[in-house]
Amino acid sequence: MRALGRRRCLELLGSVAVGRVVFTDRALPAIRPVNHLLDGETIVIRSSLGGGLASAATAYGALVVAYEADEIDAGTHAGWSVVVTGTARLVLDEERLRRYEAALQPWVDEPVNCVIGIECDLVNGFELVGRVPGNQ
């Protein structure tokens, strides 16, 4: 396993469309798979205002979350994982909302009526280099 620098972590995060957001929902940890896009150093996801993450972000104005994305090949044991810790906030700027809504289509068949931006405050990642021939 090799540690990755911030820049490489963000490149990898931007190269995939799906990750997992980790947040607190009624004092318990919750994890949801979501599709995302990366805008600079902001992870952008869409959600429903009735959902746990959007409700918490609305209630507190901002919420500290973790976001994880990876790409790992089970056969070769090679790949990478990136974890971001940052502040999640509802995106309220009309221009940004229109741009994100056009660029990020939900993968779920349920209403999504808000956009959440997660600032990439702490960024950590590692690369799995895979199996070395002859080693188990």
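Where is the place of Arg26? Arg26 sits in the loop between strand 2 (18-25) and strand 3 (28-35). Keep in mind as you look around that this is a predicted model.

**Strand 8 and its partners**

- Strand 8 covers residues 114-119, and five of its six residues are buried, so the rest of the structure largely encloses this strand.
- Strand 5 (residues 42-47) runs antiparallel to strand 8, and six bridges join the two.
- Within that pairing, Arg46 has Val115 of strand 8 as its bridge partner.
- Strand 7 (residues 78-90) is also antiparallel to strand 8, here with three bridges joining them.
- For Arg89, the bridge partner in strand 8 is Gly117.

**Loop residues with positive phi**

- As background, most residues other than glycine have a negative phi.
- Arg26 has a phi near 50 degrees, a positive value in a residue that is not glycine.
- Arg26 counts as exposed because its relative accessibility is 75%, and the cut-off for exposed is over 50%.
- His77 is not a glycine either, yet its phi is positive at about 65 degrees.
- You will find His77 in the loop between strand 6 (63-73) and strand 7.

Conventions:
Residues are numbered from 1 along each chain as its sequence is written. This is a predicted model: local features need pLDDT of at least 70, side-chain atom pairs count only at pLDDT 80 or more; totals for chains, interfaces and linings use all residues. Side-chain values use heavy atoms; hydrogens and water are left out. Buried means under 20% relative accessible area, exposed over 50%, partly exposed in between (1.4 Å probe, protein chains only). Helices (H or I, at least four residues) and strands (E, at least two) are DSSP runs, numbered from the N terminus. Two strands pair if DSSP finds at least two bridges between them.
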